Amino acid sequence: WPVHVGFKDLEYTVSVPKADVGIATVATTFYKIASPLINLFTCNFGDRVELKILHKMSGAFEAGKSTLVLGPPGCGVTTLFKVLSGRAKVGGRCKLTGDIYYSGFRPEELHVPKLAMYVDQVDQHTAVLTVR
């Protein structure tokens, strides 16, 4: 059954510790290492900031057609495909807003992980097995 995937105003936001945002330097790395100890003594568990991974994305993938999606590292392509395949974490500190449709059906109406497949960037297989 070919499936047309469409999405509108898709946003994926993650709440992260404030120290994790920004460019990694020697000072920020030292702060990341020392901050759990400092927070333990001061009873301050740090400020959090909302980090938007996907910003109001809209688009569609037509059934039976190949589509190339390119972007530099860290731009959200992997997150987009994890969201569309139903494998992204949602709830708690991860928030997903927007509309996703699979041939006109909402994700709540279907079992998305069986409908959409996502192959991770890292090979996950048992290297000692042989195909015969």
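Predicted model: local features only at pLDDT ≥ 70, side-chain atom pairs only at ≥ 80, totals over all residues.
Two residues are taken to be in contact when heavy atoms of theirs lie within 4.5 Å. Once its neighbours within four places in sequence are set aside, Thr-79 is in contact with Tyr-12, Ile-53 and Leu-54. Thr-79 belongs to helix α2, which covers residues 77-84. Its relative accessible area is 19%, and because the limit for a buried residue is under 20%, Thr-79 counts as buried.

Of its 132 residues, 22% count as buried. As for how contacts span the sequence, the pairs considered here are those at least 6 residues apart, and 80% of them join residues at least 24 apart.

The aromatic side chains come next. Searching the whole structure gives two aromatic pairs. One of them is formed by Phe-7 and Phe-61, whose ring centres are 5.9 Å apart and whose planes make an angle of 35 degrees, a tilted arrangement. Phe-7 sits in strand β1 (residues 5-17) and Phe-61 in strand β2 (residues 48-61), so this pair ties together parts of the chain that are 54 residues apart in sequence. Both Phe-7 and Phe-61 are buried.

Phe-61 also pairs with Phe-81, again in a tilted arrangement, with 5.7 Å from centre to centre and 35 degrees between the planes. Since Phe-61 lies in strand β2 and Phe-81 in helix α2, this second link ties together parts that are 20 residues apart in sequence. Phe-61 has a relative accessibility of 16% and therefore counts as buried, whereas Phe-81, at 28%, counts as partly exposed. Taken together, the ring pairs link Phe-7, Phe-61 and Phe-81 into a cluster.

Members of this cluster turn up again in the pocket analysis. The largest pocket has a volume of about 370 Å³. Its lining consists of 16 residues, and those nearest the pocket centre are Val-5, Phe-61, Phe-81, Ala-116 and Met-117. By residue class, the lining divides into eleven nonpolar, three polar and two charged residues.

A further ring is involved in an arrangement of another kind. The charged end of Arg-106 sits over the ring of Tyr-101, at 5.4 Å from the ring centre.

Most residues other than glycine have a negative phi. Asp-9, however, has a phi near 50 degrees, a positive value in a residue that is not glycine. Asp-9 is part of strand β1 and is partly exposed, with a relative accessible area of 33%. Lys-56 likewise has a positive phi, near 40 degrees, and is also a residue other than glycine. Lys-56 is placed in strand β2. With a relative accessible area of 54%, Lys-56 is exposed, because the exposed class takes in values over 50%.

Terms used. Residues numbered from 1 in each chain as written. Heavy atoms only, no water. Helix = DSSP H or I, 4+ residues; strand = E, 2+ residues; numbered from the N terminus. Buried < 20%, exposed > 50% of the residue type's maximum accessible area, 1.4 Å probe, protein only. Phe/Tyr/Trp six-rings, centres within 6.5 Å; stacked < 30°, edge-to-face > 60°. Lys NZ or Arg CZ within 6 Å of the ring centre and 35° of its normal. 1 Å grid on protein atoms, 1.4 Å probe; cavity = no way out; pocket = protein on both sides within 12 Å on 5 of 7 lines; lining within 4 Å. Points joined across faces, edges and corners; volume = space filled by probe spheres on them. Nonpolar A, V, L, I, M, F, W, Y, C, P; charged D, E, K, R; others polar.
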